Amino acid sequence: MSNSQIPRVLSGMRPTGQLHLGNYHGALRNWIELQQSHDGYFFVADWHALTTGYEDTSQLQANIRSMLIDWLAAGLDPQRVTIFIQSQVPEHAELHLLLSMVTPLGWLERVPTFKDQQVQLKDRDLATYGFLGYPLLQSADILLYRPGFVPVGEDQVAHVEITREVARRFNHLYGGGPEFEVRIRQALKLLSGADRATYQELRRTYQETGRAEALDGIRDLLERQPPRVDAAARALLVDYPHGASARILPEPQVLLTRTPKVPGLDGRKMSKSYGNTIGLREDPDVVARKLRTMQTDPARVRREDPGEPTKCPVWDLHQIYSDEPTREWAAAGCRSAGIGCLDCKKPVVDAIVGEVTRMRERARPFEQDPGSLDELVRDGARRAREVAGATLADVRRVMHLTREGAP
Ligand code: TRP
Ligand code: SF4
């Protein structure tokens, strides 16, 4: 749904293999909610997977496809949002290269994940150029689409932060001068005569008085414009009152995903590396069996022993999957030993089995016809390249990589 009036969001995920309920509640579910109200771009960050997993790439294609199917199974809708694979949009690589020219090494070395991951993944040699550049590749991923928001979890906030710094530096270096004046004039020409006069009046007011209402007025005026006044022109006109540096690459904001605690089968956080997961498309019988043997409050050894829900990982699942009356029933029954753990688990088992069953149904057409998935991502890449190509054309122009007026 590419409509210049609705805010754009962009996010990506590394293809790590089969997604589980932790991934779903941690990110994917949020993307699916956003697709109702936003112009969404969601992509498989396959190049990012190489930054740590370059030694053995044999599973890369399988992981990419299974993650794409998981997205579709969970309800991401290619009619509403653009779904694509990073490496099929080479513009990401070119912008990464160009940004690398202006990014001080210290900025990258200071990103917390750089040192943390090197410690955590001690078995791999991460003293590579590609790994150091991880956040900058991510910056390119983001800035190419000029999104207003980047929905991510806490662990990615530092990466969006460096993206903003890189954008600011880029705009400072290349956003000013006669170039900028020309582009402003072009953007102004897209407005009607009356709107242009109003805009100039508001801009003057803001510059003379600093009143925020003048900026609001400008924003309202721009919101009323037809699609002919495209996102780039709007961004330029929003910025113009602030001075002589254009937002060629607008600074995006973090949209922090609120994430529930998703416990794994052993009570620790659900994570592939703990082997305690429930896959989004796992066999419902297996899912039911896994849940029935899932860890509960260790104090409830026998059926007659009362338990304490807050010490039980099943309780965390009730928070996600049960309504208030069910939760009250479970908590009271647990504390009084009125119900057994299997009784308590039943509503959660039903809800999760129902969820994975629905996901398996949505996935089936893509599993049965692999060509349809190819087509879907080909179309996604085509749409992504239109947007990315336009940004890159601006970037090249302001860096004087294209000759003014050349075809
Ligand atoms: N680094 C992100 C992660 O590990 C994945 C990612 C790559 C991403 N490029 C992005 C997320 C751009 C948001 C925007 O989860
Ligand atoms: Fe956990 Fe429910 Fe058993 Fe209490 S009754 S320990 S909340 S599973």
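Three elements each give at least two residues to the shell around ligand 1: strand 1 (8–13), helix 8 (134–143) and strand 4 (149–152). Here, helices (H or I, at least four residues) and strands (E, at least two) are DSSP runs, numbered from the N terminus. This is a predicted model, where local features need pLDDT of at least 70 and side-chain atom pairs count only at pLDDT 80 or more, while totals for chains, interfaces and linings use all residues. Residues are numbered from 1 along each chain as its sequence is written, and side-chain values use heavy atoms, with hydrogens and water left out.

**Around the ligand**

- The shell around ligand 1 has 14 residues, and the closest are Arg14, Tyr134, Gln138, Asp141 and Gln156; to be near, a residue needs a heavy atom within 4 Å.
- Helix 8 gives the largest share of that shell, with 4 residues.
- By type, the shell splits into 7 nonpolar, 5 polar and 2 charged residues. Ala, Val, Leu, Ile, Met, Phe, Trp, Tyr, Cys and Pro count as nonpolar, Asp, Glu, Lys and Arg as charged, and the others, Gly among them, as polar.

**Polar contacts and burial**

- A polar contact is a pair of N or O atoms within 3.5 Å. Tyr134 has a polar side-chain atom 2.6 Å from a nitrogen atom of ligand 1.
- Gln138 has a side-chain N or O atom 2.9 Å from a nitrogen atom of ligand 1.
- For Arg14, a side-chain N or O atom sits 3.1 Å from an oxygen atom of ligand 1.
- On its own, ligand 1 exposes 360 Å², and the protein buries 94% of that; accessible areas come from the Shrake-Rupley method with a 1.4 Å probe.

**How helices pack**

- Two packed helices are described by the angle between their axes and the distance between the axes. Axes are lines fitted to C-alpha atoms, for helices over the stretch in contact, and angles run from 0 to 180 degrees between N-to-C directions.
- Helix 4 (residues 91–102) and helix 8 have axes that come within 8 Å and cross at roughly 120°. That makes helix 4 oblique to helix 8; angles under 35 degrees count as roughly parallel, over 145 as roughly antiparallel, 65 to 115 as roughly perpendicular and the rest as oblique.
- Helix 14 (residues 284–292) packs against helix 17 (residues 341–368) at about 155°, with axes 9 Å apart, so the two are roughly antiparallel.
- Helix 11 (residues 193–209) and helix 12 (residues 212–223) cross at roughly 155°, their axes coming within 8 Å, so they too are roughly antiparallel.

Key: Chains are lettered from A and ligands numbered from 1 in the order in which they are written. A polar contact is a pair of N or O atoms within 3.5 Å; within protein, one must be able to donate a hydrogen and the other to accept it, and residues adjacent in sequence count only if both atoms are side-chain atoms.
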